[in-house]
Amino acid sequence: MIREYEGKDGIMLIDGIAATEIAEEFGTPVYVTEEKRIRENYRRIHGAFSKYMDTRVNYACKANTNLSVLHILEQEGSCIDAVSLGEVLSCIKAGFSPDRILYTGVNVSNEELRGLVDVGCMINVDSESELERLAKISTDVRVSFRITPGVASGHGAKVMTGGKGSKFGIPIKRTIPVYTRARDLGFDIRGIHAHTGSGGEGIDQFTDVTEVLSGLANDIRDKVGIDLEFIDIGGGVGVPYRLQEEETDVEELASLVTEIIQDETEVKTVVIEPGRYIVADSTVLLTRCVDVKDAETKRYIGVDAGFNTLVRPAFYDSYHTVAMANKFNRACSDKYDVVGPICESGDYLAHDRVMPEPEEGDLVAIFTAGAYGFSMSSEYNSRPRCAEVLVSDGKACLIRRAEDTEDLWRNQIIPEGLRQ
Ligand code: LLP
């Protein structure tokens with residue numbers, strides 16, 4: 001089941017505040033995030049694993065890098081999975097010390113490696129090329145290695161990363177040569193990592209990848225003489241997006257994964273990298289109905305958010321539950337497509353949803369939008385990015401101002417000859 005929202009007098013409430021009031025005060029479209037839910041999600045998954053063994057939760061901040069979200073997770077004691085120097089620096093700005101950040105990049109440039117070495121975070125090396133290039137910059141670095149485990153998972157082909165032949169990671173058969181080389185170069189080797197993919201169903205992918213990594217950790221101990229500090233099983237814990245979809249049983253996941261590591265290895269710390277699990281259901285996207293159209297074979301609810309605001313439906317065919325926030329739980333009249341202002345027919349937020357009779361001015365809520373929502377938004381069609389609001393203790397506050405048209409032009413330079 002996806003999480004439920006309460007309604008009062010036909011209005012959807014977000015942590016006690018009427019969605020309509022938030023939209024009125026901050027404008028639309030707007031991402032509205034509940035602080036409490038982020039904390040609950042973090043504690044649930046951290047608690048499940050730490051019952052059994054030393055656990056490090058590296059929040060995969062690509063899901064949502066809003067500085068306030070990062071501050072909340074810093075306070076919770078989370079660590080970070082970062083994919084770019086920009087993410088690393090954002091986390092440092094939000095109060096994370098470099099030793100709480102593991103950088104896992106792919107096709108990493110020397111310039112980025114130099115930046116990471118300057119910061120002093122741990123680097124999860126993705127290739128032999130990266131290892132040799134890093135060694136030329138510095139070997140005074142804590143490293144782990146991303147292995148391609150031959151186990152793939154995900155909500156779609158675009159987000160499956162762990163299968164054989166993937167662009168991510170070091171091919172499994174190169175594991176021993178790579179660890180040997182890193183040892184000989186004098187690196188401070190801490191762990192082993194794999195990520196099977198993002199948002200897949202179930203938990204088999206996690207037990208499968210833990211088996212693979214546990215076997216490799218033992219091989220590394222026997223053949224390279226290094227006792228690894230941690231096994232990092234990656235992220236990708238799925239969350240429900242549809243009303244009836246089941247939640248991932250993180251209690252079972254934690255118990256099975258830690259049992260494998262404890263039974264089969266001497267490794268003391270498990271690392272997990274959830275992004276979506278921590279932030280997805282903390283946030284709804286509120287968008288205003290601006291236009292209603294009966295197109296003979298289809299009925300449209302035209303809203304002010306498009307794939308510039310939330311790209312997941314258009315890009316992955318992802319499903320997000322939608323509701324009419326100002327006609328909450330009202331009887332439905334017909335099926336509608338919820339579509340945005342972008343000039344492409346692929347611009348949609350929801351297809352064929354049973355909704356109450358729409359009118360201009362209605363407020364549509366798109367659920368489970370906290371992961372890869374704002375972070376993947378763009379200014380396409382020259383539409384400035386929207387605002388973000390945080391609801392804490394029954395109060396809503398702005399945590400990112402909406403961009404304006406000046407922002408569209410901010411970094412552009414018009415050559416002298418073109419100016420009249
Ligand atoms: N660790 C690594 C190495 C990753 O590449 C990712 C996600 C994660 C952890 C976190 O995965 P999560 O727990 O959030 O599923 N934009 C797509 C998802 C792309 C995920 C990329 N890597 C979406 O909207 O579904």
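Predicted model: local features only at pLDDT ≥ 70, side-chain atom pairs only at ≥ 80, totals over all residues.
**Exercise 1.** Describe the largest pocket: what is its volume, which residues lie nearest its centre, and which parts of the chain supply its lining?

*Solution.* 
1. Start with the volume, which is about 640 Å³.
2. Next, look at the lining, which is made up of 31 residues. Nearest the centre of the pocket you will find K62, T161, H195, S198 and Y372.
3. Sort the lining by class: 12 residues are nonpolar, 12 are polar and 7 are charged.
4. Now trace the lining back to the chain. Domain 1 (7–33 + 280–409) and domain 2 (35–276) each contribute at least three residues. Among the helices, α10 (276–279) and α11 (312–316) each give at least two.

**Exercise 2.** Work out how the ligand is held in view of its surroundings: which residues are closest, which polar atoms lie at what distance, and how much of the ligand's area does the protein bury?

*Solution.* 
1. List the neighbours first. The ligand is surrounded by 20 residues, and H155, S198, E273, R312 and Y372 are the closest.
2. Then check the backbone. A polar backbone atom of G275 is 2.9 Å from a ligand oxygen atom, and for R276 a polar backbone atom is 2.8 Å from an oxygen atom of the ligand.
3. Finish with the area: the ligand taken alone exposes 580 Å², and the protein buries 91% of that.

Definitions and conventions:
Residues numbered from 1 in each chain as written. Heavy atoms only, no water. 1 Å grid on protein atoms, 1.4 Å probe; cavity = no way out; pocket = protein on both sides within 12 Å on 5 of 7 lines; lining within 4 Å. Points joined across faces, edges and corners; volume = space filled by probe spheres on them. Helix = DSSP H or I, 4+ residues; strand = E, 2+ residues; numbered from the N terminus. Nonpolar A, V, L, I, M, F, W, Y, C, P; charged D, E, K, R; others polar. Domains from an automatic or database assignment. Near = heavy atom within 4 Å. Polar contact = N/O pair within 3.5 Å; in protein donor to acceptor, adjacent residues only side chain to side chain. Areas by Shrake-Rupley, 256 points an atom, 1.4 Å probe, with all protein chains shown as cover.
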